[in-house]
Amino acid sequence: MLITSLAAISVMALVSPLLLEQRFEDLTHKEHLNQFVELIQRFKKQDPDWGSPQSSAALASQLAQIQAQSPIPSEQQGNRSLVLTMDLSHSEYVVTDPNGHIFVAAGEYQVGEQLPPAALKRATPLSQNSDVLGYALKTGTTNLNNHDSTYLVTLSQSMLIGAAAGLMITLLLSLTMGRQLIKQLRNLTRAAMEMSKGNLDQQVNIKGDDEVAILAREFNRMCQELQNTYAELTASNETIKAQAEAMQELSLRDELTGLHNRRYFNQQFRLMHHQAMRYGDPLTLALGDIDHFKLINDRYSHQIGDAVLRQLAQLMQEEVRESDVLARYGGEEFVLLMPQTSNDQAEALLNRIRTKVESWPWEKICKGLAVTISFGISDKLEKDMGHSMLVDADNKLYQAKDQGRNRVCI
Ligand SMILES: Nc1nc2c(ncn2[C@@H]2O[C@H](COP(=O)(O)OP(=O)(O)OP(=O)(O)O)[C@@H](O)[C@H]2O)c(=O)[nH]1
């Protein structure tokens with residue numbers, strides 16, 4: 001923009017004086033011609049023999065005299081004299097009769113010749129009333145008189161000084177505006193780079209109302225929108241994540257008791273069994289089964305049976321460790337996986353649970369209700385992904401049932 005402005009002013013400074021000179025010359029030429037036509041008309045008025053050889057010779061001689069001496073501020077007497085103060089010293093004119101025969105010569109034209117048609121076309125008719133007295137053609141270049149030349153030079157110099165002042169002002173303005181522009185663009189670039197790093201909280205200062213300010217305003221608006229959209233997306237992501245986690249958790253939970261389900265137990269059992277096998281850590285598995293649960297359902301209703309299951313899950317949950325895995329294994333069956341626990345320790349824990357179940361006031365749920373539970377325990381670690389341990393615990397549970405229920409077998 002700066003370069004364009006400077007170039008425009010420089011071209012203007014160079015071309016304007018030329019155009020001015022050209023225009024000045026045109027106007028001077030026109031002015032001279034008008035004066036010349038007036039002069040001829042006045043001559044004609046005083047010379048009734050206009051067009052005669054004597055008249056033509058008299059005019060030619062007068063003009064030669066004028067051109068040689070002018071300006072002529074004289075009032076010459078006589079039939080064929082002119083009264084004028086016109087300065088013809090800088091102009092040369094060809095004058096013809098109405099038919100284009102030259103009787104006043106100048107430049108390359110000679111007296112008595114016929115003015116060529118092209119030149120005649122350019123010539124100015126010398127008219128009086130409606131009569132065409134002849135034609136006048138200016139030849140050569142228009143030389144300006146001293147006064148006009150001085151005027152033109154002064155004008156050209158003024159224009160050059162004006163252009164120089166314009167250049168200086170443009171330069172100063174451009175530098176000042178350029179600094180401001182660069183500062184704003186730097187701020188914008190910095191903010192954009194921060195955004196690309198993921199810092200969406202970007203706002204740049206806005207000064208003025210120019211294109212950069214409009215760009216900065218749009219940038220700020222875009223940042224704000226991006227920030228809002230990002231916040232919405234993050235919130236929605238969080239919700240989706242939370243829902244996915246909740247669903248995942250639900251898929252691993254038993255709906256009735258809230259304990260983990262058999263699927264979760266299977267996952268954990270595989271892991272813990274593998275770990276215990278690898279590092280030689282103790283691992284104990286207990287299978288529990290409510291005694292005569294069918295009778296409870298039959299005698300007190302299925303709803304009471306469900307309430308028993310829920311309460312029993314809670315009682316067991318209260319007794320086990322965080323690191324233990326307690327799950328509902330099937331209908332009225334529970335499974336408890338105890339890492340870092342020996343058979344004896346497991347037996348003690350399950351007896352504690354068994355006693356707690358037996359002594360819990362079941363009458364709160366239903367009058368006459370009594371609940372007991374039997375457990376089978378195994379610590380059998382074999383390279384069969386836990387199969388032996390499960391079978392062994394199940395066998396021990398049957399053993400407990402066989403031996404009269406409400407007991408723990410290891
Ligand atoms: N209320 C209720 N009952 C269930 C649920 N799941 C299984 N049952 C019942 O639990 C009972 C299990 O009965 P059985 O397998 O004969 O065993 P049991 O009556 O407890 O007898 P033992 O185990 O030998 O002491 C069946 O009647 C099932 O219908 C449940 O979610 N809710």
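In strand β10, I373 has I290 standing opposite. The model is a predicted one, in which local features need pLDDT of at least 70 and side-chain atom pairs count only at pLDDT 80 or more, while totals for chains, interfaces and linings use all residues. Residue numbers start from 1 along each chain as its sequence is written. Helices (H or I, at least four residues) and strands (E, at least two) are DSSP runs, numbered from the N terminus.

**The five-stranded sheet**

Strands of a sheet pair through backbone hydrogen bonds, either parallel or antiparallel. Two strands pair here if DSSP finds at least two bridges between them. An open sheet of five strands has the order β8-β9-β7-β10-β11, with mixed pairing. At its edges stand β8 (325-330) and β11, each with a single partner strand, so one side of each is left without a neighbour in the sheet.

| Strands | Sense | Bridges | Residues standing opposite |
|---|---|---|---|
| β7 (residues 283-290) and β10 | antiparallel | six | I290 and I373 |
| β7 and β9 (residues 333-339) | antiparallel | seven | A286 and L336 |
| β10 and β11 (residues 408-409) | parallel | two | F375 and V408 |

How many of the six residues of strand β10 are buried? Six of the six residues of β10 (residues 373-378) are buried, so this strand is largely enclosed by the rest of the structure. A residue is buried if 20 or more other C-beta atoms lie within 10 Å of its own, exposed if 12 or fewer, and partly exposed in between, with C-beta atoms placed from the backbone. Both faces of β10 are covered: one side holds the buried residues I373, F375 and I377, and the other holds S374, G376 and S378, also buried.

**Helices on the sheet**

Helix α8 lies across β7, β8, β9 and β10, and runs at about 155° to β8. Helix α10 also packs on the sheet, where α10 touches β7, β10 and β11 and its direction makes about 145° with that of β10. Axes are lines fitted to C-alpha atoms, for helices over the stretch in contact, and angles run from 0 to 180 degrees between N-to-C directions. Contact between two residues requires that their C-beta atoms, placed from the backbone, lie within 7 Å.

**The α7 and α8 contact**

Helix α7 (residues 293-300) and helix α8 (residues 302-319) have axes that come within 6 Å and cross at roughly 135°. That makes α7 oblique to α8. Angles under 35 degrees count as roughly parallel, over 145 as roughly antiparallel, 65 to 115 as roughly perpendicular, and the rest as oblique. On the α7 side, F293, I296, N297 and Y300 take part, and they meet H302, I304, G305 and V308 in α8. The residues of this contact are five nonpolar, three polar and no charged. Ala, Val, Leu, Ile, Met, Phe, Trp, Tyr, Cys and Pro count as nonpolar, Asp, Glu, Lys and Arg as charged, and the others, Gly among them, as polar.

**The four-stranded sheet**

Another open sheet has four strands in the order β4-β3-β6-β5, with antiparallel pairing. Its edge strands, β4 (102-104) and β5 (124-128), each pair on one side only. From one strand to the next, the twist averages 35°. Strand β3 (residues 92-96) is joined to β4 by two bridges, and T96 stands opposite I102 in β4.

**Residue I3**

I3 lies in helix α1 (residues 2-46). With 8 C-beta neighbours inside 10 Å, I3 counts as exposed. I3 and S174 are 171 residues apart in sequence, and their C-alpha atoms are 9.6 Å apart in space.
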